[in-house]
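Look at the structure first.

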Amino acid sequence: MSLHKLFSHFISRLGPGLLYAGAAVGVSHLVQSTQAGGMFGFELIIAIIIIHLIKYPFFEFGPRYTAATGQHILHGYLKLGKWAIWLYLLLSISTMFIVQAAITVVTAGLITNIFGLEGLGGHDPQIVAFIISSILLLFALILLISGRYKLLDKLMKIIILVLAVTSIAAVIMLLFDNPGHHKSATVFFSFSDTVHLIFLATFLGWMPAPLDLSVWHSIWAQSKNESAGKLTSMQDTLFDFRVGYIGTAFLAICFLLLGALVMYGSNIPFAAGGAAFAGQLIDMYQQALGQWAYPVVAIAALATMFSTTLTVLDAFPRSISAASALIFPQKSPLNNEKTYLIWLLIIITGTLFILFFYLASMRDLVKIATVVSFVAAPIFAVLNMQAVFSKDMPDQHRPGKLMWIWCWLGVVTLSGCSITYLLLL
């Protein structure tokens with residue numbers, strides 16, 4: 001088999017796993033991972049690896065349930081009782097506007113920085129951010145309405161490939177042309193420092209993503225099956241998931257390395273806000289390495305945030321309409337499509353409302369969403385466990401004893417992190 005055919009076969013096996021990566025690789029990677037590297041050098045690489053190991057089973061259970069049953073994992077929640085679906089809806093709706101607003105405004109900030117639109121029409125920076133965010137959401141809306149899953153699936157393959165190549169290229173070039181700031185660094189991570197612990201808790205809570213993304217992944221997997229007209233095998237499903245999951249871990253490490261190699265020990269203070277920091281980071285690459293670095297890092301950063309904006313904007317209405325169909329089973333598939341569109345418009349409207357009236361308070365709003373995600377993590381972990389270890393799962397696809405132990409260790413760890421984070425706050 002030729003190299004071209006081998007690559008084409010590899011790409012054809014990918015789908016929901018790349019959508020997962022597109023949703024996961026965003027603010028947590030571009031902002032938090034680079035800040036982790038800029039603040040503590042290479043120290044938190046081990047933290048990235050550990051948190052991916054802890055969360056692995058719970059993220060895997062989403063696509064595993066779909067491959068085994070042909071249904072998304074919310075059906076497994078329903079078997080526990082309608083309360084589980086209502087709980088999922090409550091947690092999703094409580095954070096969706098804030099999460100979408102935070103992601104969108106960082107993406108808009110990157111566009112503003114890359115294309116030099118800061119003084120657009122002489123307007124206030126917040127007005128500029130609102131205008132660009134509005135255009136960005138309108139563009140994403142058109143993409144989702146016109147192509148839905150098939151277009152989203154193809155777009156993610158391109159975006160994630162561009163992101164991976166540009167990130168690797170940037171890291172390699174920095175390793176060969178390291179400005180050496182780290183040699184003068186004096187800041188090291190300390191478990192006795194409350195500020196360091198709060199940063200670590202926030203960093204790991206959003207790494208690689210909030211656990212409700214496992215539900216999104218399961219729904220995307222079912223959508224792929226419906227589009228293809230056949231059930232994807234367990235082998236192909238888990239292969240697709242692992243490529244996306246390992247890829248997010250790899251990219252998190254890449255961004256941490258970029259932050260460590262450029263900012264650690266440079267004595268340059270971090271800019272306030274995710275968008276401002278991202279723009280500062282891109283500018284620092286250019287100063288350290290020359291003009292060639294700007295387009296490489298800019299493409300990687302913009303591809304990261306646009307993929308997150310697009311996939312999250314699709315995921316919230318898709319999962320909410322799926323949950324609504326289970327609570328109100330009399331709804332027809334046609335009405336489910338209408339429900340998706342209605343929630344898509346609601347999320348865009350709510351996001352623009354927050355950006356127009358509360359953009360200056362975005363940091364506080366994101367903190368609220370972070371707290372909800374921390375509290376929700378062990379809840380989603382237990383719900384996913386109950387669904388996958390239930391008797392409804394075919395025996396050959398139900399995880400074994402080792403995975404069960406792994407899960408409970410993860411639940412205990414996530415619960416401990418949530419309680420510690422709340423106490424530190």
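Buried means under 20% relative accessible area, exposed means over 50%, and partly exposed lies in between (1.4 Å probe, protein chains only). T34 sits in helix α3. Helices here are DSSP runs of H or I with at least four residues, strands are runs of E with at least two, and both are numbered from the N terminus. In sequence, 218 residues separate T34 from A252. In space, their C-alpha atoms are 8.4 Å apart.

Two notes on method apply. The model is predicted, local features need pLDDT of at least 70, side-chain atom pairs count only at pLDDT 80 or more, and totals for chains, interfaces and linings use all residues. Residues are numbered from 1 along each chain as its sequence is written, and side-chain values use heavy atoms, with hydrogens and water left out.

## The chain as a whole

The chain has 15 helices and zero strands. It holds 425 residues, and 56% of them count as buried. Take the contacts (heavy atoms within 4.5 Å). Among those with a separation of 6 or more, 85% join residues 24 or more positions apart.

## α3 against α10

Helix α3 covers residues 27-40, and helix α10 covers residues 234-262. Their axes come within 6 Å and cross at roughly 50°. Axes are lines fitted to C-alpha atoms, for helices over the stretch in contact, and angles run from 0 to 180 degrees between N-to-C directions. The pair α3 and α10 is therefore oblique. By the cut-offs, angles under 35 degrees are roughly parallel, over 145 roughly antiparallel, 65 to 115 roughly perpendicular, and the rest oblique.

The crossing of α3 past α10 is right-handed. In a right-handed crossing the near helix is turned clockwise from the far one by less than a right angle; anticlockwise makes it left-handed. From α3, the contact uses H29, L30, S33, T34, A36, G37 and G38. From α10 come T248, L251, A252, F255, L256, G259 and A260. By class, the α3 contact with α10 has seven nonpolar, seven polar and no charged residues. Ala, Val, Leu, Ile, Met, Phe, Trp, Tyr, Cys and Pro count as nonpolar, Asp, Glu, Lys and Arg as charged, and the others, Gly among them, as polar.

## α3 against α8

Helix α8 spans residues 194-205. The axes of α3 and α8 come within 11 Å and cross at roughly 150°, so α3 and α8 are roughly antiparallel. The crossing of α3 past α8 is left-handed.

S28, Q32, S33, Q35, A36, M39 and F40 of α3 meet H196, F199, T202 and F203 of α8. That contact of α3 with α8 divides into five nonpolar, six polar and no charged residues.

Helix α2 (residues 16-24) is mostly covered, with nine of its nine residues buried. Among them are P16, G17, Y20 and A23.

The axes of α2 and α12 come within 7 Å and cross at roughly 110°. This makes α2 roughly perpendicular to α12. The crossing of α2 and α12 is left-handed. L19, G22 and A23 of α2 touch S307, T308, T311 and V312 of α12. The α2 contact with α12 divides into three nonpolar, four polar and no charged residues.

## The nonpolar core

A nonpolar core is a set of buried Ala, Val, Leu, Ile, Met, Phe, Trp, Tyr and Cys residues joined through side-chain atoms within 4.5 Å. The largest has 129 residues, and L44, L74, Y77, F203, L213 and W216 touch the most other members. Helix α12 (residues 293-327) gives the most to this core, with 19 residues.

W216 touches A23, Y88, V312, A315, F316 and S319, residues up to four places away in sequence not counted.

H217 lies in helix α9 (residues 213-228). At 1% relative accessibility, H217 is buried. Beyond its neighbours within four places in sequence, H217 is in contact with P16, G17, Y20, P63, D240 and F241.

P269 lies in the loop between α10 and α11 (274-289). P269 has 62% relative accessibility and so counts as exposed. P269 and G38 are 231 residues apart along the chain, with C-alpha atoms separated by 9.8 Å.
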